[in-house]
Amino acid sequence: MSERRSRPRVVTVVGNRPQFVKAAAVSRLLRERVDEVLVHTGQHYDAELSDVFFDELDLPAPDHYLGAGGGSNLEQLARMLPSLEALVADLAPDLLLVYGDTNSTLAGALAARAGGIALAHVEAGMRSFDRAMPEETNRVLTDHVSDLLFCSTETAVENLAREGLRLGVHLVGDVMADLLLASADRAESCSRALEERSLEPQRYLLVTAHRAGNVDDEHRLRALVELLESLPLPAVVPLHPRTRTRLARLGLAERLAQNPHLRIEPPLGYLDFIRLLRNARAVLTDSGGVQKEAYLLGTPCLTLRERTEWVETVAAGWNTLVGLDRDRALAALQRRPPATRPELYGGGRAAERIREIICAYTGAP
Ligand code: UDP
């Protein structure tokens, strides 16, 4: 640590929706003991995927905005790296903190390594074992260059051990769970998401889909559309811009918009989304975060993928992998959820544990 600093300096790199959610859980606590510099890569730049989270979740405004969104994964990475390299050189932080598995995560990790800065990774050790997912590459590479690896689950710790990573590994629980547990009641009292849509609890479904593997391939996107059209209950579908663009390109957006059972909407703010999730009969999603949140809220989840990193939710019987198979989805919707829901993901104290470990590591007073 530099001699003149009274507190350690931590640079946090975020860039997309789930990272804003995760950082919202950690930043406030971390700032009690360290000087955090928040860098937004601009990976998600739409107001509906970015600004709303800063406003609603009390996430401090970014200190630096890199404007590196758009283009392919590698184009984004190539734009982020020189800016991050310069920032790291300029700020000389004591630690760089990244979240999850996106281009911003990997860019932050590479910039830390190149600058000789200690690296901490939140949500380390998650594996879907599907190397076709760009996120899987980001996870594996980031873990292997991290000094502090914060794991959400026991399974994540085991995954790291299998890859020979044992040093600096900490089972802390899940920071998304922290935020969810702290926000669920606020969402119930503040959000008008059900009333505005004249929805009754348990009488609708919620759907999100945006994974490249589902929406970038025409055949799979058409399968998703057919699945949506066959749902037995009305469904709220807050569409990620990526999905919206792909649907429009194939002329499928109009077809979905005309279906009276489907409410095709822009992405929602966190509190509205959480309230809709809590009260839905079930959620259909290819999101990682939403699988966890559904579990924590006691909403059955149908995951629109063949594999998941959140295996405990499947083992507990609350999450069913259905791919984009209509029959599997309809069968899963018929099943009753289990009577029990064991506590997973750290009980809402992950961020506190992360702060303590970072403070000990950086020598914070
Ligand atoms: N989310 C939201 N509005 C929406 C859809 C999702 O606020 O319309 C939140 C959700 O509650 C979760 C996060 O966004 O906290 C998940 O983000 P996403 O599905 O984009 O990322 P993933 O978890 O798949 O990486």
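Visitor: Is phenylalanine 54 buried or exposed?
Guide: Happy to start there: this is a predicted model, in which local features need pLDDT of at least 70, side-chain atom pairs count only at pLDDT 80 or more, and totals for chains, interfaces and linings use all residues. Residues are numbered from 1 along each chain as its sequence is written, and side-chain values use heavy atoms, with hydrogens and water left out. Buried means under 20% relative accessible area, exposed over 50% and partly exposed in between (1.4 Å probe, protein chains only). Phenylalanine 54 has a relative accessible area of 10%, so phenylalanine 54 is buried.

Visitor: How many aromatic pairs are there?
Guide: Rings of Phe, Tyr and Trp (its six-membered ring) pair if their centres lie within 6.5 Å. By this rule the count comes to three.

Visitor: What kind of pair do phenylalanine 20 and phenylalanine 54 form?
Guide: Planes under 30 degrees apart count as stacked, over 60 as edge-to-face and the rest as tilted. The ring centres of phenylalanine 20 and phenylalanine 54 are 5.0 Å apart and their planes stand at 55 degrees, so the pair is tilted.

Visitor: Which helix holds phenylalanine 20 in this pair?
Guide: Helices are DSSP runs (H or I, at least four residues), as are strands (E, at least two), numbered from the N terminus. The pair links distant parts of the chain, 34 residues apart, with phenylalanine 54 in helix α2 (residues 51-56). Phenylalanine 20 lies in helix α1 (residues 17-30).

Visitor: How many disulfides does the whole structure hold?
Guide: A disulfide is a pair of cysteine sulfur atoms within 2.5 Å. A search of the whole structure finds none that qualify, so the count is zero.

Visitor: Which cysteine has the sulfur nearest to that of cysteine 151?
Guide: Cysteine 151 is in no disulfide, and at 0% relative accessibility it counts as buried. The nearest cysteine sulfur is 19 Å away, and it belongs to cysteine 359.

Visitor: Is alanine 182 buried or exposed?
Guide: Alanine 182 lies in helix α7 (residues 175-190). Its C-alpha atom is separated by 9.2 Å from that of alanine 25, 157 residues apart along the chain. Its relative accessible area is 61%, so alanine 182 is exposed.

Visitor: Which ring has arginine 341 over its face?
Guide: A charge sits over a ring if NZ of Lys or CZ of Arg is within 6 Å of the ring centre and within 35 degrees of the ring normal. Arginine 341 is at 5.5 Å from the ring centre, over the face of tryptophan 318.
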